[in-house]
Amino acid sequence: MPPLLKLDDVYAQYITRYGTVYAVNGVSLEIGEGEILGIVGESGCGKSTLARVMMMNVKPPLHLVRGRVLLQGVELNRLPRDRLKREVWGKQVSLVPQSVMNALNPTMRVRDIIRDFVKVHNPELDDDEVYSMARDRFEELGLDIRALDLYPFELSGGMRQRVAIAIATLLNPKLLIADEPTSALDVSTQKVVLKLLKRLWNEGIVKSIVFITHDIAVVRQIATRIAVMYAGKIVEVGPLEEVIFKPLHPYTELLISSILTPEPEVKKRGLVEIRGAPPDLRTPPRGCPFAERCPYATDRCRREEPRPVVIGSRLIYCHLRGGGAA
Amino acid sequence: MHPITKFLLRKILFYTATFIIMLVITFVLPRAIPGNAVLMQLRQFMRTAATNPEAIEERYRALLSYFGLDKPLWEQFVDYLWRVAHGDLGVSITFFPKRVSDLIFSSLPWSLALLVPAYTASWFVGNVLGTYAAHRRNTAIDNALFSTFVVLSQVPYFIFGFFLLATFAVQMRIFPTYGGWDVGLVPSLTWDFIRSYLHHYALPFLSIFLTGIGVWGTGARTMAIYEFGSDYMEYADSMGVPESRLLRYAFKNILVPQITGFSMQLGFAVGGALLTEIVFSYPGVGWLLYRGTITQDYMLIQGSFIVVASSVLLANFITDILYAVIDPRIRKGYVSA
Amino acid sequence: MKAQQILSAIVVAVVLASLAIPLGSFNTASAQGALPREETLYTFGAQWGPPTSFNPFSWESAAGTTMLYLPLFLYNGYDLSIVPLIAKSLEWIAPDKLRVTLRSEARWSDGEPITTDDVMFAWKLGIELGMSGGCDIYMDLKPVDSHTFIVELKKPNYYIFLTCLLSMRPAPKHAWESIYREKGEDFVSWPNMDLKKMVVSGPYKVRSVSDQAIVFERIDDWWGKSIFGLPKPKYIVVLIFKDVSSAEAAFRAGEIDLFNEALLDVEALKKEYGIGTWFEEPPYMPWWCIWSLYLNNKKPPLSDPAFRRAIAYAIPYDEIIAKALRHTSYRTPYMYALMAPMWKMYFHEEIAKKVWGPKMMPVYDPEKAKAMLREAGYYWKDGKLYTPDGKPVKLVAEIPAGWEDSIISLKLIVNSLRKNLGIEVDFRMPDESVWWEHLIKGEFDITESDTLVPVFYPPWLTYRAVMDPRLVKPIGQEAEYNLERYENPEVAKILDEMAKEVYDVEKLREYYGKLQEIFARDLPIIPIDYGQAWYAYSTKYWVGWPNEKNPWWYPVVTWDMGAMLPVFFGIAKKGETPKVPAWIKELAIPLKEFWASIPAAKPSPTTPTTPKVTVTAPGKTVTVLTTVEKTVEKTVERTVSTVVTKTVEKTMPTTVVRTETNWGVAAGIGIVLLIVGIVIGYAIKRR
């Protein structure tokens, strides 16, 4: 079975007159049907850009300079924007917004936001049909249907996020991309939202989810597979448990050791252990991007870009794991 | 009590208080500035008709006593309040023996008929075009629109008016050079008069309308650019909501601040009206106010300020209500507060 | 969404409705067509602001009121003659008695004859309303029969008598008496704007009136047709502009025929648009008054004649005329005798030469000014001028903001005073009303102003206005004339003497010589140029306008269309040959002859009139004429005090009546707004 979404050697750059930001540099990734892929990385590593590329929501100054984006074999990168809007976004690939506080139009009631959204894709429905559809879905997901008559600012943060998720999945998209859906929420609300996502997935309302976060602790609660991103590149991809308990890439290792250790003082130390700052994406380094900060880095790491190495069900980009040999 | 009633009551209370303060100010201010209302009237007499000093002295006394200006100030004030309470704005000194209310009510319709449509239309069109320019940001269309806005909003008003006058009235002779209608006609509901009225209406309307588009367009563009960059717009976009609808979202969401601007602009509209009236010799209340001020006609200043300030207050009151209708944040805020 | 739709609908409705407001605010009058351009004369300059009344007894009356209510006589300020209009003849029957006969043809527009009754009615109305122009102090009227009356001089002052005579215009007693009876002294606020009921004596009636124009229509069966013919324009439109430059644009576009306001660039207008003016060459415009530098004669060192005379040499006259006035005015030696050229028979060249040298007027000569100051004891220290008693000279110059010409002019003078004479001058531009208050209260140092009396009237009036010591008021009190506050008892004596002896031309010339010498010696004010009467015409539709080459009328009294009336008889439609009406010359009585026909005997100076009121609160009114006989004082006081007391009482009832109507309007607007409010409220609630 072909993967649901496939990124094939994708390069995406922000090209402005002040310079170029190399945000995504040669990412290849497959998202199979029925999986929840967590994409983890520090802020500024290109995660959100990657999310955009996955939907092909690419508009100036962002450009897809190389590579293909295939949704069930269809090359999204060849479709014009209006066709993407009409046929793909919201319907096949949907997005849970990053900053949910402002992601809903403040001057529209929730039901009107829904109406506009649904009618784009199903112009044949009349308003009442849309409303009843929304009501049904809200009930199904255990959301208060009174929220439909309210304005976004009248909802609590958690409720707003859940409503956003409900809207995003209203048309049963195959793939749901959730970009930091919980980062603005407190822990208990985070749980509720994660539960909701899981439920959508369990009930098959969405087939697959891409869950983007900087927080490994969160991704651990939901993902089936995990991809670690660094400086616009994927450094390691693999099943959740494997990657977390037995990281193979030095960056993954450091990332996990810094976060998963329960004691706060260790955690603090862990953070210190990743010396330096991520590279400036305006001038990406040659060779392995992590070489500058990697405690095991060799001359080769600084010189040559590592190639992917398959180890079991995992894929690693590192010279130490033989990335140069392939 | 229903929250809306409460809201209305609170607003009414606020505007009534403002109105009373305004009443006091309109009485005090003209009298506080140096100069004397009657002396200017007297000057007119001295320069035109008088040849005997006795006549001038006689006229001076008569004027003072007719307008009650020889009474102590507090008595004048009580008098003034009493009259205002009875809806009487007194007799103009400069335009004696016209009653201030007659002067205003005969010229106010013209100002309203010119300003309300011109300002509303320029506001609407300016906002639509501004939003559109923001949507097409950095394209040729945007560049063209934006530079037009800037030029229109920056050209001094009277120069623009004179430009229209010189081009279309004096040179091309398409439109009349002055007035609100052909002077040979008597205002009446006849086809001739209406045609003449609209013919004379065109240039003053255009001058306000076009400069207004500039002002509103620049503002709308800036605000809409912000809107288009906002998260909700981004999100709606990535959910497949089409461009035309996004344009409408942006338009609707810039309306609220723009309505504020509109109601604040109303006070200045009187000034704008004055310039239009002057350039096109169009009938209206602005010039009346101006004449009243420079001749220090207390009665006229008081009267016109009461009318102008009341209408601005009223407009603000209506805008407050409009807000509530358009922006739920404000409405809900009021209701829940 | 629904509420918003309702709302938008309301907004659109309001906008559209407002467009129609002016249409709805008029009564549906009978339709009148546009005016045929070639039959219509458009004029601008006579009316500023909405016309308020056609009542000649109101404090403000609209342009053309004097054309509706004709005077008994017109005055030709160029020929210096009197032209009888409603009056037929004048005859001195005693040195203090003038018999006036009215034309038997004269009729009001409703067909009633114009009789002595109407003259008497107007006379009495003027006195009652305080609108007599002070004439009741100087003369009295005695009816003889229906078309004859006698004017009696109460004071031997033929100059004032002349101005009073010229201001007499009959009022339609049969139409106005009942109104006067009803309104009493509030008659001054009666607008006389009911066009259907308006009764007039002139050849035009009001066709329509609005805030933008007054339209006059010729009365084709006017009573004077057989004597004067008819004026040529079928319609005269007095245009009301709010700004001169807009009017000038219309003038250029050929939409105005007669322009009586300041023009920016006369030369260009003449070249490009063929505009006509009084003079073909600069200064283009006719003389109106004498524009002067006013110096406060009560404030040292301005109180020093030597200082004032020195300043006269520090004024850059030519530069002012070029830069400030753009050559629309000029200077003549006559100005320094407070005259215009038409009065040159009273001008003494030898005096002018003696005082001013061969040019007969002061010229710009800073060195001479300095020498004169030095001679008078002034000195300089560190480049600053000091008075003989050691005080630095500091002056304040003020001129109203917005008076562009005068600002430039005064600035040039101030710069010269600073630079050439080392005087510290503070230049200020207050509002006109503030400036005016300073001027009449004597709270100024130096400023520019006109002499308030038109120069085509006998120079005696200007001399009195500028120099009569009895008109000086203390600083801080409003003065009528003599604003610079020049006091010289000698002048009073001369003025009184000559006003009695107008018939003796030689003596008159002598008196004028004395005044000329005193003026030149003391120079209470410094004439700068002629204040021009703006007179420009277009020959696009009307030709045959009077000008300096063909001066058949002196058309300068811009606000007084009655005084302009002969012009409308003498012009012609383009393409027709203009013919100056013969009656202008034939009927004219030269002023000289009029004076000369006063019976040779000396007028009995005081025909003692019994004082009607003897007591008023002493000190309440300030005496106007200090050196004249007691009776006069009392008369003045009487008039003043009655006006004061009565008007107060009269204003109240009318206000009450008006209030009710205004209430109705206010209530109506209130209700409409309420409904709008309710609709909006309802709309909100529905959501």
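**Reading contacts and rings**

Modeller: Keep in mind that this is a predicted model. Between chain A and chain B, 30 residues of chain A are in contact with 21 residues of chain B.

Biologist: What is the area buried between chain A and chain B?

Modeller: The size of an interface is often given as the accessible area lost when the parts come together. Here, chain A and chain B bury about 2,200 Å², with carbon and sulfur atoms giving 54% of that area. Lys85(A), Thr107(A) and Asp116(A) supply 26% of what chain A buries against chain B, more than any other three residues.

Biologist: How many salt bridges are there between chain A and chain B?

Modeller: The count is 6. In one salt bridge, the side chain of Lys85(A) meets that of Asp237(B) at 2.6 Å, N to O.

Biologist: Which element gives the largest share of the side of chain A that touches chain B?

Modeller: That's H3(A), with 4 residues. By class, that side of chain A has 15 nonpolar, 8 polar and 7 charged residues.

Biologist: And how do I read ring pairs?

Modeller: A pair of aromatic rings is described by the distance of the centres and the angle of the planes. Over all chains, the search finds 78 aromatic pairs. Tyr78(C) and Trp287(C) are stacked, at 6.4 Å centre to centre and 5° between the planes. Tyr78(C) sits in the loop between strands S2 and S3 of chain C and Trp287(C) in strand S13, so the pair ties together parts 209 residues apart in sequence.

Biologist: Is Trp287(C) buried or exposed?

Modeller: Trp287(C) is buried, at 5% relative accessible area, whereas Tyr78(C) is partly exposed at 23%.

Conventions: Residues numbered from 1 in each chain as written. Chains lettered and ligands numbered in written order. Predicted model: local features only at pLDDT ≥ 70, side-chain atom pairs only at ≥ 80, totals over all residues. Heavy atoms only, no water. Contact = heavy atoms within 4.5 Å. Buried area = accessible area lost by both parts, 1.4 Å probe. Salt bridge = Lys/Arg side-chain N within 4 Å of Asp/Glu carboxyl O. Helix = DSSP H or I, 4+ residues; strand = E, 2+ residues; numbered from the N terminus. Nonpolar A, V, L, I, M, F, W, Y, C, P; charged D, E, K, R; others polar. Phe/Tyr/Trp six-rings, centres within 6.5 Å; stacked < 30°, edge-to-face > 60°. Buried < 20%, exposed > 50% of the residue type's maximum accessible area, 1.4 Å probe, protein only.
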